[in-house]
Amino acid sequence: NRHIGSELDLDLTWAHSENVSLGAGVARFMPGGYLRETIQATSAAGSANSGRGLNASNLAYFDVRVKF
């Protein structure tokens, strides 16, 4: 299994003027089969990650852009 995972993004941008804009967004990464198999193999070998699951990662951001 070579599927690392999937990512879903939602980005919004609002331009006040040509030189000033605001941006915001959220993203979520869902691990795929390759990462799950790697974690299971590492856990079986007795690493520090033993017994832990593999969760999705979330990101939220806000940007202010000013051009000079």
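1. Two strands are taken to pair if DSSP finds at least two bridges between them, and strands themselves are DSSP runs (E, at least two residues), numbered from the N terminus. With these terms, 3 strands form an open sheet in the order β1-β2-β3, and the pairing is antiparallel. β1 and β3 stand at the edges with a single partner strand each, so one side of each has no neighbour in the sheet. From one strand to the next, the twist averages 15°, where axes are lines fitted to C-alpha atoms and angles run from 0 to 180 degrees between N-to-C directions.

2. On provenance, this is a predicted model, in which local features need pLDDT of at least 70 and side-chain atom pairs count only at pLDDT 80 or more, while totals for chains, interfaces and linings use all residues. Residues are numbered from 1 along each chain as its sequence is written, and side-chain values use heavy atoms, with hydrogens and water left out.

3. Strand β1 (residues 5–15) and strand β2 (residues 20–31) are joined in the antiparallel sense over 11 bridges, and the two form a hairpin with 4 residues between them. Within this pairing, Asp 9 stands opposite Ala 27 in β2.

4. On the β3 side, β2 pairs with β3 in the antiparallel sense over 10 bridges.

5. A search of the whole structure finds 1 salt bridge, the term meaning a side-chain nitrogen of Lys or Arg within 4 Å of a carboxyl oxygen of Asp or Glu. The side chains of Arg 65 and Asp 63 meet in a salt bridge at 3.5 Å, N to O. Arg 65 counts as partly exposed because its relative accessibility is 38%, and Asp 63 is likewise partly exposed, at 31%; here buried means under 20% relative accessible area, exposed over 50%, and partly exposed in between (1.4 Å probe, protein chains only).

6. Val 64, found in strand β3 (residues 57–66), counts as exposed because its relative accessibility is 51%. Val 64 also belongs to a nonpolar surface patch with Phe 62, Val 66 and Phe 68, together having about 530 Å² of accessible area, an area from the Shrake-Rupley method with a 1.4 Å probe, for which only the protein chains shown count as cover. Patches are made of residues with over 30% relative accessible area and no salt bridge, like charges being joined within 9 Å and nonpolar side chains (Val, Leu, Ile, Met, Phe, Trp, Tyr) within 5 Å.
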